[in-house]
Amino acid sequence: MNFPDGLRYTKDHEWIKLDGDIGTIGITDYAQGELGDVVYLDLPAAGTKVEQSKSFGTIEAVKAVADLYAPVSGEIKEVNSKLSDQPELVNQQPYEGGWMVKIKTSDASQIKSLLDSTGYKQLIGQ
């Protein structure tokens, strides 16, 4: 499994990559493996406000339906429109083409409460 350095991770298996005050969010390689084949995502529209640790959407896979939790608070600026026709990108490229939303953070200091790759590996027993 792959857990890139430079990303921050939640205990709920989301990742975020910050570029200034814009964070790209998706689920980890571990999470997509546990869910199995992703068949559908229910993601918020651009302009939606989200709160750290609160659900911002759902992911449906062959094995289960799960909530998606925001790593940080802010406003959705972009949604990965490719996922509506190609939800399998979440399985195939969890850190590249399978990203879900981009968010403008309202409190960048929240990133400090998230795990680095070493902490995330410890969380899942890797």
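**Exercise 1.** How many bridges join strand S3 to strand S9, and in which direction do the two strands run?

*Solution.* The model is predicted: local features need pLDDT of at least 70, side-chain atom pairs count only at pLDDT 80 or more, and totals for chains, interfaces and linings use all residues. Residues are numbered from 1 along each chain as its sequence is written, and side-chain values use heavy atoms, without hydrogens and water.
- Step 1. Locate S3 at residues 22–27 and S9 at residues 101–105; strands are DSSP runs (E, at least two residues), as helices are (H or I, at least four), numbered from the N terminus.
- Step 2. Four bridges join these strands, which run antiparallel. Pairing requires at least two bridges found by DSSP.
- Step 3. Isoleucine 25 has valine 101 of S9 as its bridge partner.

**Exercise 2.** State the strand order of the open sheet and identify its edge strands.

*Solution.*
- Step 1. The six strands follow the order S1-S2-S3-S9-S8-S5, with antiparallel pairing.
- Step 2. S1 (8–9) and S5 (49–50) each pair on one side only, and these are the edge strands.

**Exercise 3.** Is glutamine 110 buried or exposed, and which residues does glutamine 110 touch?

*Solution.*
- Step 1. Glutamine 110 is found in the loop between S9 and helix H4 (117–123).
- Step 2. Its relative accessible area is 14%. Buried means under 20%, exposed over 50%, and partly exposed in between (1.4 Å probe, protein chains only). Glutamine 110 is therefore buried.
- Step 3. Not counting residues up to four places away in sequence, glutamine 110 touches Gln52, Val72 and Ser73; contact means heavy atoms within 4.5 Å.
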